[in-house]
Amino acid sequence: MSANLLHELLQLNDEEKLMLQQKKEVQKELYTSQEPFIVEGERFLNQNKMIMVRKHTRFVHFPKHKHNYIEVNYVFNGSLTQTVGNERMELKKGDLLFLNQHIEHELEACNEEDIIINFIIKPEFFTFIFSYLTTENLISNFLISSLFDQTQQGQYLYFAVSEIDSVQDLIGKIIVEIMNPSMLSESTIKLYMGLLMVELIKNSDKVRYNQNLNKHYIIVESLKYIEEHFRHASLYELAEILNQPHYTLSKEIKKATAYTFKELVQAKRLTIAKDLLENTSLSISSIVEEVGYENISYFYRVFKSKYGYTPKKFRDQLSNN
């Protein structure tokens with residue numbers, strides 16, 4: 001990690017100066033408009049961003065709260081003491097803590113040398129990762145429960161990985177890309193994050209977690225199938241692969257995700273189409289074909305329903321910014 005970056009992060013921000021001068025409590029209105037205390041990712045992420053980093057405010061006790069996003073605490077320097085659920089834990093430099101949006105935690109006041117980087121991540125950011133993960137591992141199960149609110153299970157994964165150079169190197173690269181973005185940063189961050197998940201799975205002997213991580217074999221495999229075959233995805237083909245009656249599989253997917261198989265496929269197609277509109281010069285008709293739609297009028301209709309603009313207007317807006 002860069003010494004220059006540490007020097008920069010040690011500088012006091014406005015909120016920290018206020019804490020030192022007036023000994024105030026956390027100003028909840030900066031984080032949420034809700035009761036109980038649920039930190040809102042929209043306060044930090046603009047509409048088009050899926051992930052960002054933010055330095056945790058030092059010198060103040062942060063009371064019990066949840067988030068409406070996945071949070072990852074990374075100890076950049078010093079240490080962090082917090083209570084997650086009913087469990088008190090101390091993280092040291094280089095450790096990672098994944099928290100889903102359903103778990104309550106509170107943080108003790110950090111000292112001046114304690115620099116904590118909070119990754120604020122929309123759950124859907126991780127959908128692309130399913131095609132790269134093996135089915136039965138803690139990360140897959142954690143992400144499933146984080147992506148779909150219906151589970152409502154508070155979960156964490158604590159990785160004591162301060163000595164794992166490959167993990168530390170990837171985290172450093174992600175932080176640099178987010179803090180110093182370029183045109184390719186979004187794609188680069190996704191790739192780095194995928195590699196990070198693989199490295200964490202390889203070092204699963206260093207993870208601690210609460211015991212209510214359920215297995216979601218059918219859902220993980222269904223999401224992986226959609227990731228890989230969204231252009232021509234078929235519920236009947238998936239049911240045959242998983243050796244499940246198609247009507248049973250349909251109900252299981254709906255129960256776990258609140259979406260039908262068709263809706264999940266459509267969401268994936270539209271996400272890919274949006275990415276192609278933003279990052280390529282492909283014609284709209286070519287994009288329609290690329291993502292698996294046969295009817296261009298239907299594509300226009302569902303795209304506008306999701307993003308508020310027709311594909312052409314969406315691309316024109318990008319050109320004007």
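Me: Is Thr280 buried, partly exposed or exposed?

Reply: First, the ground rules. This is a predicted model, where local features need pLDDT of at least 70 and side-chain atom pairs count only at pLDDT 80 or more, while totals for chains, interfaces and linings use all residues. Residues are numbered from 1 along each chain as its sequence is written, and side-chain values use heavy atoms, with hydrogens and water left out. Buried means under 20% relative accessible area, exposed over 50%, and partly exposed in between (1.4 Å probe, protein chains only). Thr280 has a relative accessible area of 30%, so Thr280 is partly exposed.

Me: Which residues does Thr280 touch, not counting residues up to four places away in sequence?

Reply: Contact means heavy atoms within 4.5 Å. By that rule, Thr280 touches Asp275 and Arg315.

Me: Now helices. Which residues of helix H7 are buried?

Reply: Helices are DSSP runs (H or I, at least four residues), numbered from the N terminus. In H7, residues 235-242, the buried ones are Leu235, Leu238, Ala239 and Leu242. They share one side of H7, because their arc around the axis is only 100°, taken from the directions from the helix axis to the C-beta atoms. An α-helix has 3.6 residues a turn, so residues three or four places apart point the same way.

Me: Which exposed residues does the face of H7 turned away from its buried side carry?

Reply: Tyr236, Glu240 and Ile241 are the exposed residues there. The cover over the buried residues of H7 includes H6, H8 and H9.

Key. Helices (H or I, at least four residues) and strands (E, at least two) are DSSP runs, numbered from the N terminus.
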